[in-house]
Structure formats: C-alpha cells, structure tokens
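The stops below are given in the order in which to select them.

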Amino acid sequence: MPARRKQHHRITAVATAVAVGIVLTTLPASAASGAGDPYYPDDGNSGYDVTHYDVRVNYDPARPRHLEGDTTVQAVATQGLYRLHLDLEGFQVTSVTVDGTPARAVTREGKHELVITPARPLPKYARFSVRVRYSGEPVGESWHTLADGGANVTGEPHSATAWYPANDHPSDKATFRLTATVPDGWTVAGNGRPGATTTGRGTTTFRWYEDRPMATFLSTMAIDRFTVRTSELSDGTPVVHAYSPGAAVDPEAEALLPEVIDFLTSKFGPYPFSSAGGIVISGDDGSGPLALETQSRPTYQRKFFDVSMVHENAHQWFGNSVSLSDWRDGCLAECFAQYAVQLWYEKFGDDLDNGFYRAMVEESTADPDFWTTRLYDPGQGRELDSALYSKGSMMLHALRRTVGDPAFFATLRRWQSDHRYGNASWPQFETLAEEISGNDLNGFFEAWAHGTTAPPKEYLFPGPLAALAPTVDLPH
C-alpha cells in the first residue's frame, strides 16, 4: 500500500475508534539504544528494566581468551516493544530466544549493540526473558588474562559487556546468578554467596548468587587456582576470600575485615549485603585497577590492607547499595569512600582538622589544577577524576564542620535508608543535607561541588576550621 494510503487508513481507523468509544493503546515501538547518560549516550538501553541475570559460562585456561556463554536476561517492558537492544561487545552470537521462541531477527549495531526483534511484539508491563548463546574472544579493557591462563573481569565504568549481554548502565540494577564451569584444579570467584559446587568429566562448576540488585559494572568473575579462605562477620554474615597464586595471603588483614565493616556500619547504617570478603588477584599482567568495589566482594591486586579495605568496603554503601543515577554522580561513590578512610584514621586518634584537612589545603596551594574539576558533573572521561578523592573528601569534611556531627552522620544514614538498593543523584544529596541540617547550603555546594576555583573562605574554613584560615594563602 502506498505511504499516503497507509496514512489515510491509519487516520480513518483512529477516527472510527474514537467514534465508537474504543480506547487506543500505544503501538509497540523500538527501544532506543542508550539509557540517556550524558557522558556515555550509547550505554544501556531503554524500553525495559532488567530484574535478573542468569549468566552461565565455560572457560578453559588452556584456551585463554575464549569464552562460551549462555545468558538469560529477565526483564519487564516499560513500553510496548517490537524490538529491543542489549549491550554485548564482540563474540559470535549463535542463538537468541525471547520467552523460549527464536527471535525473528538479530543484528549488531555500533560497538556493542545486540538488536533483537522478538517473534511477537512485547506489550507494556510484560515480563519476558531473553536467552543469548554466544562464544568467542572477550574484548575490551575489562577482561584481564593472567599469565597462567586464568582471568578476571573488572572495570569502571564498563565491564559487563566483555562477558555477558546486559543493559549496561548503573541505573538498571538487577539480581545476579553466575554458573561457571572450568577444568578441575581451577576455581571461580564471583559476587554474593557461593552455591553448590559440582564436578563432571574433568570439570568443576561453581555457582554464585547475588540476591540484592547490582549495577552491571560491579559484577565480576575471577578464574584462577585460588586459595579460598572462609570466616564470618560479627553477625554471622559469611566471608569468602580468594587468593591467586602469588598474591599475599594475609590472615591479619582478614581478621581486620569484621572490624572495618562494624566501623562502617556504625557510621552509615546496616551492612547492605548477605556476604563479604575479597578477591586478591596476582596482577602479574600489569593490567586492571589496583582495587575495585565489585559488589559484596571487592577485587584487589596482589594484597589488601586496612586503607584499601576501608575504601572498597565503604563503596558497598556508597556506589553499590545506593548507586549512581548516571555517570555525572561519581562523587556519590568516590568522595564518600575516600572520606571513609579519613574517618578510619580518626577512629585511631587522628586530628582531621589539623592533620588531613590542613595538609590538603597546603597541597592545593602548590597545585594550580587542584580546584579545577567540578565534583558534580566533572565531564565525560573525568567521571572518576582524582579530584573526587582529594577535593571530594575535603568537601565532606567541610560539610561536616558546617552542619555539625549529628546532622552530618544523620544525613549519611538517612541517605542509605532512603535509597537502599536503588539509585540516586548528587542534587538529591544536596537537598537531603539541607533538609536534615536546616541550613541553607546552596552557597556551600555551589562553591564545592559545582565550582572550579578554591571555595571562598567562609566555605573552605567553616566552624573550627576557621583557625586554619590565617595560615594559608589561597589563590582565587
């Protein structure tokens, strides 16, 4: 039918429906590629919310950089869909089904878009599952192959697309199950609680369950000839540590973890997850982050100690339980995790005013770029800028001295309870801090979180920090 006649037919149908009182629903649409992140517009996808990932993989270290995967994504349509996208980088996709029926069409677009047309359109609010079978070489900077053939997957802001299809944006969190089969003698570590381990013909299958919603970049899988050590937190929460050959096994650091988590709990509220521990990889390939806050079980290179433990476990509250709305909000993770380290030092007697804060102010006078990064919305590629650690932890200490300890720590605990297992934005934090303190903090946050120069002295040296002001000459 010619396009003009199609249009006329549609208009006539609408007019007829209105005349007889039929309520029209929106026709199924194609979900857009991208979740709308201003820094990474192609990350994530619209049109559905994922509720659960069931990731099944086979990996043989004798064939490094080859992975066989079978992932089922359970989701709810947020609009009628005749087509949807998942993020997956590389691999040969061998089959895709939607609710058990082969997809009508599967295509690839851009760097990591897997475009799926179901056999039948999905109505709004429909619960559905997409099963993707795939194999090949993992690509991307988040897949790290170790010298002995083992591997681990860690990265920020991206990592999931290197090993399973996902809605790869922190705003769409989901529970997670990993089933990984490897040759006998190898071990797989992952997020959450361990499940049953079973053996086959020369293989062992490991299972891990994360029963709390998780952002995709926080998921992990590590394969090595691990030494696994188990213990418990003070409340009985299971702790699992996995050490690669060559990594330092440190019983003293292990013994400190319950104290660290108890301390963070006293500041931020209840520990949010059902397991804890660490994955300590050898790091002998020279790649990967020195540490990353993979959910419930941070990943460390070579060893871990109190400072790294405090930082990465503070992320279990700030960044993991309460996750970013988009990548402009990195301060909601890094600023707080780094300030948690200062709180840890304070526990052992450090004077944060005359020690940490004075030192940071003095450092800023010698570095002309110290103040130039905005803490909220720092810019694409700078979402994890070092300023979030230095200037960000200073800002939180200045906020604490502005509103006082009761209001400051009440804000941190309320933030966790209000947004537990969800997402939130930096502007929401500013609003909450004002609400709990009863103070007008607009000028404070404008100077600290949105400014690119040293804050005026009234915000840089509030309360007891005013004693430091005469000793420092800051450029403005």
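Start with residues 151–153 and 221–224, which are strand S11 and strand S17; the two pair in the antiparallel sense over three bridges. The model is a predicted one. Within this pairing, pick Ala151 and look across to S17, where Ile223 is its bridge partner.

Now widen the selection to the sheet around these strands. In what order do the four strands of the open sheet run? The order is S10-S11-S17-S13, with antiparallel pairing. At the edges are strand S10 (143–145) and strand S13 (187–190), each of which pairs on one side only. From one strand to the next, the twist averages 15°.

Leave the sheet and turn to the aromatic rings. Over the whole structure, a search finds 32 aromatic pairs. Select Tyr339 and Phe408 as one example. Their ring centres are 6.0 Å apart and the planes stand at 90°; planes over 60 degrees apart count as edge-to-face, so this pair is edge-to-face. Colour helix H4 (residues 331–347), which holds Tyr339, and helix H7 (residues 405–419), which holds Phe408. The pair therefore ties together parts that are 69 residues apart in sequence.

Tyr339 has 2% relative accessibility, so Tyr339 counts as buried. Phe408, at 2% relative accessibility, counts as buried too.

Next, select Trp426 and Phe445. This aromatic pair is edge-to-face, with 5.9 Å from centre to centre and 85° between the planes. Trp426 belongs to helix H8 (residues 426–437) and Phe445 to helix H9 (residues 442–448). The pair links distant parts of the chain, 19 residues apart. Check the accessibility here as well: Trp426 has a relative accessible area of 1%, so Trp426 is buried. Phe445 counts as buried because its relative accessibility is 2%.

The last stops are lysines over ring faces. Select Lys267 together with Phe409: Lys267 lies over the face of Phe409, 4.8 Å from the ring centre. Then select Lys347 and Phe348. Which ring face does Lys347 lie over, and at what distance from the ring centre? Lys347 lies over the face of Phe348, at 5.5 Å from the ring centre.

To finish, show two of the stops together: the edge-to-face pair of Tyr339 and Phe408, and the antiparallel pairing of strand S11 with strand S17.

Methods
Residues are numbered from 1 along each chain as its sequence is written. This is a predicted model: local features need pLDDT of at least 70, side-chain atom pairs count only at pLDDT 80 or more; totals for chains, interfaces and linings use all residues. Side-chain values use heavy atoms; hydrogens and water are left out. Rings of Phe, Tyr and Trp (its six-membered ring) pair if their centres lie within 6.5 Å; planes under 30 degrees apart count as stacked, over 60 as edge-to-face and the rest as tilted. Buried means under 20% relative accessible area, exposed over 50%, partly exposed in between (1.4 Å probe, protein chains only). A charge sits over a ring if NZ of Lys or CZ of Arg is within 6 Å of the ring centre and within 35 degrees of the ring normal. Two strands pair if DSSP finds at least two bridges between them. Axes are lines fitted to C-alpha atoms, for helices over the stretch in contact, and angles run from 0 to 180 degrees between N-to-C directions.
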